[in-house]
Amino acid sequence: MSFNILLEKLKEQNRPAEDLELIKKAYDFAARAHEGQKRKSGEPFINHPLSTAVKLTEMRLDSKTIAAALLHDTIEDHPEFETELKKIFGEEIAFLVDGVTKLNKIKYKGSQRTAESLRKMFLAIGEDIRIVLLKLVDRTHNMETLQYLPADKQKRIATETLEIYAPLAYRLGMKKLSGQLEDLAFPYVLPERYEWLSKITSDKFPEWTKYMEKIKPVLIMELARDEVKFASITSRIKHLYSLYKKLLKYDLDISKITDIVALRVIVYTLEDCYAALGVVHKLWRPVPGKIRDYIALPKPNGYKSLHTTVFGPEDNMFEVQIRTVEMHQEAEYGIAAHWAYTEFKKERPKDYAERQASFLNQKRFAWLDQIREWQKDVESPDEFLEALKIDFFKARIFVLSPKGDVIDLPEGATPIDFAYHIHTDLGSSATGSKVNGKMVSLDHQLKTGDVVEILIQKGKKPSIDWLKFVKSTQARKKISSVLKKLTESKKFEKKGGEMVEIRLTAKDRFGLLHDVTYVFTKQKINMKNVTTDNKSKSYPAIIIQTVLKNRGELEKIMVRLKEVKGVMEVSYKLL
Ligand code: MN
């Protein structure tokens, strides 16, 4: 692939000269950074960022995003270029590249529960929606070249694509991209199902296409007769994976699916949508209950269109979708359509700058709307619960372990919260922390997307000061419990022994007291005093006072006592 392909596309869109210059500069920088580097396919590495940039250009994204697309893998592969990149391209582009680099560190290990929080994390990291778009398109190209990777990687990446990326694209209203991602992942994730479905459909697709081509002129003529202007009429075949999902709802019986092929009528005005629907129904009888007005009632992800299924010639059912050019753009590109640069031609450079400024304001806005839509997009009770939890997620941050595991913590959490979340020992022996490779203090406030590393020293003890800054209840509890144990051990050490009162609740039975005292005699520990508390008849409490040499002895006794048949609870206090 050559840079000219990208350049041609940019010129077609009449992008201003300064934009072309910026993109060329980004290309040169990337070409230098990736010099000599090859993809697994053997082709030069630069083809990957170049393909990503071309796809984003086709989506009509702004020139900074396209520049960032060209640069998106440079920092990950060559961290030494970071300062230079910022100097040449400025904060905004550096920020986009950095966002993509951060997202690259996330690995999905395949559980439904984490899938949802991963998607949310994606959005949280991609503070700027363009980072998410860039990442989605980056993944699309990686999926297109997945055949060159080893089988286990293929499966992991394809599963991640199907469970994280495609649904994310869909929720952002990018139907086209989400369909592409699904179809690219399908053969790797469910190879047998894919084989089966391709076999069934490969015979039928040409047949269906032929049928639609026969129908098309009939509709065109009738629209002309009624003077309904249209921009285009195309037939579309359902994406294979989305057909598969639908088949699952219909016992895998393909004869029950009526929208495998559809005619898509794109008109210019809202009125013409309804006029065209009238024409369609005049020609072919509608199937009752299959008329959907998604213009009056858009789908949760913003999709607008009129759908109807009709009985066509030879008693075949097919679907017709009618929408305006804008609705179509929106349906194909979703949130990216809000970003699309149009009407370049008429604008003078000054207007362009103003437009860009207003764009930056708009982006946050559109973004918030999308989140709100997302909250409305609830299909199952589980999803509904998830949506209710959105507040919970608002107060959470998502950080990464050096291995790429996602850890979610309350806002304001510190490396100590992170460490205790992973393991008590890791927390207690923490001496320092690195965030994104840089040393920070243990009370440093973490941010979403941070990669957190804990430095430890064996035998180190937690500090009581940590309780002043930790944010998670989990860390707080663990620190307190470790500290309590430590103080007790000290007490034991000081006097060489400590008077302890052990209290146990047990289900009363014959021989209970004997079994309890046996624990002590076996350990060669003398009991100073034994009393029973019979306030509860079936669950008497036995209170034992004894002198123990050290904390280890106490722990051992506690464990043994818990093992005695009928014992429900054991607690202790130092007297
Ligand atoms: Mn990449």
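I looked up the neighbours of glutamate 488 and found that, leaving aside residues up to four places away in sequence, it touches Arg551, Tyr572 and Leu574, where contact means heavy atoms within 4.5 Å. I work here on a predicted model, in which local features need pLDDT of at least 70 and side-chain atom pairs count only at pLDDT 80 or more, while totals for chains, interfaces and linings use all residues. I note that residues are numbered from 1 along each chain as its sequence is written, and that side-chain values use heavy atoms, with hydrogens and water left out.

I placed glutamate 488 in helix H21 (residues 473-495), helices being DSSP runs of H or I with at least four residues, numbered from the N terminus. Is glutamate 488 buried or exposed? I find glutamate 488 buried, at a relative accessible area of 6% (buried is under 20%, exposed over 50%, partly exposed in between, with a 1.4 Å probe and protein chains only).

I then turned to helix H3 (residues 47-58) and helix H8 (residues 129-144), which pack at an angle of about 125 degrees with their axes 9 Å apart; axes are lines fitted to C-alpha atoms over the stretch in contact, and angles run from 0 to 180 degrees between N-to-C directions. H3 and H8 are therefore oblique to each other, since angles under 35 degrees count as roughly parallel, over 145 as roughly antiparallel, 65 to 115 as roughly perpendicular and the rest as oblique.

For the whole protein, I recorded that 47% of the 575 residues count as buried.

How values were computed:
Helix = DSSP H or I, 4+ residues; strand = E, 2+ residues; numbered from the N terminus.
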